[in-house]
Amino acid sequence: MQNASSSLAVCDLAKSYGSVQAVDFVSFEIAPGEIFGLLGPNGAGKTTLLECTVGLREPDAGTIEIGGIDARKNPGAVKAKIGAVLQSTALQDAMTPREALRLFGAFHARPVAPERLIERFGLGEKADARFETLSGGQRQRLALALAFVNDPALLFLDEPTSGLDPQVRRELHGAIRQFRAEGRSVLLTTHYIEEAHALCDRMAILHRGRIVASGAPEELIARSPSHTRLIVRAARPLDCAALAALPGIFSAVENGGAVTLQTRDTGPAIIELARHLEAGGNELLDLQVKKTSLEDVFIELTGETCA
Amino acid sequence: MKGLAAHLLMTLRLNFRARQAVVYGYLVPVFFLVAFGSVFRSSVPPLLHEMGQLITITILGGACFGMPTAMVSERERGVWRRYRLLPGSTAGLVVSAMVARYLIVLLAVVMQFALAWCLYRTPPPAHPLGELVAFSAACFAFLGMGLMIAMLAGAVPAVQALGQAIFLPMIMIGGVGVPLRALPVWARHVAGFLPGRYAVEALDASYLPGGPGLAGSFFALMALAVIGIAACVAGSRMFRWDAGQKLPRSAMPWIALALAAWAGVGLVADRTGRLALPLDAKAHEGPISNIIAPSTAGNSSEPWRNVTPAEIAAVNFDQLPPDSGVVAPIADNLDDLPADSKERVAKIAALLDHWPPGQVPDIVQRVRNLLSAAAVFDVLEDPDEGAVARVILDDIRRQAPDDELKRILTYIIDHPDSGAVLTRAQALGAQGQITEGAARERMEMYAAKLLERVLGKVHDSGNP
C-alpha cells in the first residue's frame with residue numbers, strides 16, 4: 001500500500017534487456033524531506049531503476065507515483081516537478097552556464113532566475129565561460145544548478161560524486177544536505193558506502209536488480225548477524241580453541257600471527273580475554289576492536305566489495 | 001513554445017560559435033561558387049545555369065553533414081539525454097534543430113546569390129517567392145535524409161561516411177555537380193532516382209529568367225515532398241536519444257521506406273518521360289536578336305564570292321582538335337548512338353528544316369548560325385554534342401554546292417569576327433547560353449573541319 005504523502009512511490013517496477021533482468025520487481029517509497037539511497041555494486045541495476053523512474057526508459061511493469069501523479073501516464077507533468085543529475089551528461093562546448101540555465105529554464109512554467117542559481121551553486125566566476133573550460137567540480141555544480149531550474153520537490157542524483165576529488169565531494173555533500181533542509185526529497189544512487197552512510201536517511205541495497213535490504217543505515221547494521229571483531233596479538237602463541245571457549249566469544253580464527261575473535265558483548269569479552277592471558281602468563285601486545293560496518297553488511301548481502 | 005524558441009536561438013548561436021561549422025557552412029559554399037564560376041565561364045552571365053546546382057550542393061552540405069554531425073555529437077555528449085528530462089516532447093526539439101539548420105542554410109544561399117552577383121553579375125532569382133518554395137522543399141527533403149543519417153550513425157565519423165554515400169553519387173551522376181546535359185543517357189536515368197535532380201530542377205525553374213516558375217516544377221516539388229516525408233517518418237521512428245542505444249531491428253523497414261520513396265519517384269518520372277532532356281521546337285527564345293551576337297564588321301554584299309582558290313588552299317588545318325576529342329567533336333556516324341540519343345538527334349535534324357536561324361536569306365549568315373549552333377552544344381558539353389555537330393554539318397552541306405561552300409567556309413574562317421553568331425540554341429534542345437567569344441572560336445573550328453571534308457581531306461564513314 002502506497003503512502004499518500006510519499007514524494008515517490010515505486011511499486012513492483014521491472015525492466016529487462018533481452019534475457020537480463022536489470023530491475024526485478026522493485027518497490028520502495030521516499031518521504032518528503034528524506035534522502036533515500038540506492039546502494040549497489042556496478043551492474044546492480046541502480047541507473048536503470050533511476051532512469052525508469054525519471055521517465056528516460058519505459059519499464060516493463062510496475063507503477064511510479066511522484067507527488068501523487070502517475071509518472072507513466074503523465075510523464076510531462078512529472079518532469080515539471082523533478083530535477084535530475086544524470087551520469088555522463090555534458091553540454092555543448094561553446095555553451096555557457098548562464099545560457100544553459102536560461103535555455104533549460106525556458107521549458108518550465110516558473111523557472112528559477114539563472115542569477116539565483118549561479119549564486120547558489122558558486123558559478124559566478126564561470127557564469128559566462130564556455131562549458132569546455134569548466135573543471136569537473138564546476139561541471140557537476142552546473143549539473144546540480146540545471147536540476148534546480150524548476151525548483152523541484154524531488155531530486156534524482158545518479159552517482160553525483162563519482163570521479164570527483166574529496167574536496168569537491170565534500171562540497172556536494174553539503175549541497176545535498178541543504179536540499180533536505182529545504183524539505184526536498186532526494187533519491188541518490190551511489191557505490192560509495194561511506195557516502196551513503198553519511199548522507200542517507202534510509203537506503204536500499206540493490207543486488208542483481210533486487211532490493212536485498214532496506215532501512216536506515218544503523219538499522220541495517222543492527223540487523224546484521226555479523227559480530228564485533230577483536231583482533232588480538234600476544235607475546236606467545238594463542239590457543240584458538242581455548243579462546244573460542246571463553247564466555248561471550250563465538251569464534252577464534254588465527255590469521256597471520258593475530259587471532260580474530262567474534263563477540264556480541266565487547267566489554268565482557270575483553271575482560272574474559274584479559275583474565276585468560278593473565279592466567280596463562282601471556283602478554284597482550286595489541287588489541288583492535290572493529291565494530292560491524294555498513295561495508296560488512298554490504299559484503300554480507302551481495303558477496304561483492306563496493307568502492 | 002518558449003522553450004523551443006530558446007532552443008532554436010541557442011542552436012543558431014552555437015553554430016556561429018563553432019569554427020568548423022562556419023567553415024563548412026559558409027566558406028565551402030563560397031569555394032564551390034568560385035570553382036563553378038571558374039569552370040562554367042562560358043555561360044552568359046556566368047553561373048546562370050549552374051545556380052540551381054550550387055544551391056543544391058549547399059543544402060546537401062548543411063542538411064546531410066551539418067545537422068547530423070551536430071545531432072550525433074550532442075547525443076554522444078549526453079545532451080539529448082538531458083533534453084529527454086524536459087517537459088514536452090523530444091519531437092519538438094528535433095523540429096527546432098531542423099528549423100535552425102534551415103535558417104543556417106538559407107543564410108548561406110542568400111550569401112551565394114549576393115556573391116554571384118558581385119563576382120559575376122549573375123542575376124538574382126527571376127521568381128524569388130517560387131525560389132524560396134523550391135529551396136524549402138529541397139531543404140525539407142535533405143533535412144529528412146540528414147535526420148536518418150543522424151539516427152543511423154553511431155558516432156560522428158560515421159556521419160561523414162553516410163553523408164558521402166549520399167552526397168557523392170548526387171554530385172557525380174545525380175545532376176548536382178555535373179550538369180544533367182553533360183551526363184550520358186544511363187546516368188540521366190539514374191539521376192531520376194536521386195533527389196538531387198529534382199532539387200536542381202525545382203530551383204532552376206524559379207531561378208532562370210523565362211523559367212516556368214513553380215507551375216513548371218510541380219513534379220519536382222512533389223518528388224521532394226514525398227522523399228522528405230518518407231525520410232522524416234523513417235528518421236523519427238529510428239530516433240536515438242542516447243549514445244548507448246543500438247539501432248533497433250525494426251529500423252530496416254523504415255530505411256526501406258525512405259529508399260522506396262526515391263525509387264517510386266524515379267519510376268514515375270521514367271514512366272512519364274521526365275528523364276529525357278527537354279527538346280521543344282516551340283521553345284521561346286524571344287526575338288532572334290536575343291540569341292545572335294551582333295556583328296562587329298558586317299557586310300550585306302557577297303564578298304565570299306571573291307574568295308580565291310589560293311585563299312582556300314592557304315587554310316591551315318594543322319591545329320584542329322581531333323573529332324573524337326572534347327573540343328569541337330564530330331560523331332563519325334550516328335549508328336552507334338544509344339537509342340535515346342539517336343531519337344533526340346533525329347528530332348534535332350528534323351527541327352533544323354524549320355529553325356528560323358537556319359532559314360535566313362544570307363547564305364554566309366545562315367552557315368554561321370548553323371555552325372555556331374554546333375558550337376553552343378559543344379561548349380555546353382551536351383552529351384550528344386558530336387552527333388548534333390554531325391547532323392548540323394550534314395545540313396550545311398545541303399545548303400550550297402561544294403564549290404560555293406568552299407568559298408563560304410573559307411570566308412568565315414578568314415573573317416572570324418564578321419557577321420553574327422548564336423550564343424544559345426534552346427529551340428534545338430541546348431540547355432544554356434555561351435559567350436560570344438566561345439561561340440566564335442568553336443564556330444571557326446567547325447568551319448575548318450567542314451572545309452576539310454568538302455575538300456576531301458577527311459572522309460566520314462557512315463553518313464553523307
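**Figure 1. Overall view of chain B in the predicted model.** Two residues are in contact if their C-beta atoms, placed from the backbone, lie within 7 Å. With that in mind, and remembering that this is a predicted model, one can look at the contacts in chain B with a separation of 6 or more, of which 80% are accounted for by residues 24 or more positions apart. Chain B contains 18 helices and 2 strands, and its C-alpha atoms fill a box of roughly 90 × 40 × 40 Å when the box is taken along the principal axes. Of the 464 residues of this chain, 47% count as buried.

**Figure 2. The largest nonpolar core and a second, separate one.** The largest nonpolar core has 155 residues, and those that touch the most other members are Ala63(B), Ala138(B), Cys139(B), Phe142(B), Ala202(B), Leu224(B) and Ala231(B). Which helix gives the most to this core? The answer is helix H6 of chain B, spanning residues 128–152, which gives 16 residues. In soluble globular proteins, nonpolar side chains tend to be buried together.

**Figure 3. The surroundings of Ala231(B).** If residues up to four places away in sequence are not counted, Ala231(B) touches Ala141(B), Gly144(B), Met145(B), Leu147(B), Met148(B) and Ala258(B).

**Figure 4. An open sheet of 4 strands in chain A.** The strands of this sheet follow the order S12-S13-S11-S14, and their pairing is antiparallel. Strand S12 (249–255) and strand S14 (284–290) of chain A stand at the edges with a single partner strand each, so one side of each is left without a neighbour in the sheet. On average, and with direction ignored, neighbouring strands of this sheet are turned by 20° against each other. Helix H10 of chain A, residues 266–279, lies across S11, S12, S13 and S14 of that chain, and it runs at about 20° to S11(A).

**Figure 5. Strand S11(A) and its bridges to S14(A) and S13(A).** Strand S11 of chain A, residues 228–234, is joined by 6 bridges to S14(A), and the two run antiparallel, while 5 bridges pair S11(A) with S13(A), also in the antiparallel sense. For Ala234(A), the bridge partner in S14(A) is Leu284(A).

**Figure 6. The buried face of helix H11(A).** In helix H11 of chain A, which covers residues 294–302, Leu294(A), Val297(A) and Phe298(A) are buried. Why do these buried residues line one face of the helix? Seen down the axis of H11(A), they fall within an arc of 100°, and so they line one face. The buried residues of H11(A) pack against strand S3 (35–39), helix H7 (193–199), strand S9 (202–207) and helix H8 (217–223), which belong to chain A.

**Figure 7. The contact between chain A and chain B.** This contact takes 21 residues from chain A and 19 residues from chain B. On the side of chain A that touches chain B, helix H2 (75–79) and helix H3 (97–105) each supply at least two residues, and the largest share, 4 residues, comes from H3(A). The residues on this side of chain A divide into 13 nonpolar, 5 polar and 3 charged.

Notes
Residues are numbered from 1 along each chain as its sequence is written. Chains are lettered from A and ligands numbered from 1 in the order in which they are written. This is a predicted model: local features need pLDDT of at least 70, side-chain atom pairs count only at pLDDT 80 or more; totals for chains, interfaces and linings use all residues. A nonpolar core is a set of buried Ala, Val, Leu, Ile, Met, Phe, Trp, Tyr and Cys residues joined through C-beta atoms within 7 Å. A residue is buried if 20 or more other C-beta atoms lie within 10 Å of its own, exposed if 12 or fewer, and partly exposed in between; C-beta atoms are placed from the backbone. Two strands pair if DSSP finds at least two bridges between them. Axes are lines fitted to C-alpha atoms, for helices over the stretch in contact, and angles run from 0 to 180 degrees between N-to-C directions. The arc is that of the directions from the helix axis to the C-beta atoms. Ala, Val, Leu, Ile, Met, Phe, Trp, Tyr, Cys and Pro count as nonpolar, Asp, Glu, Lys and Arg as charged, and the others, Gly among them, as polar.
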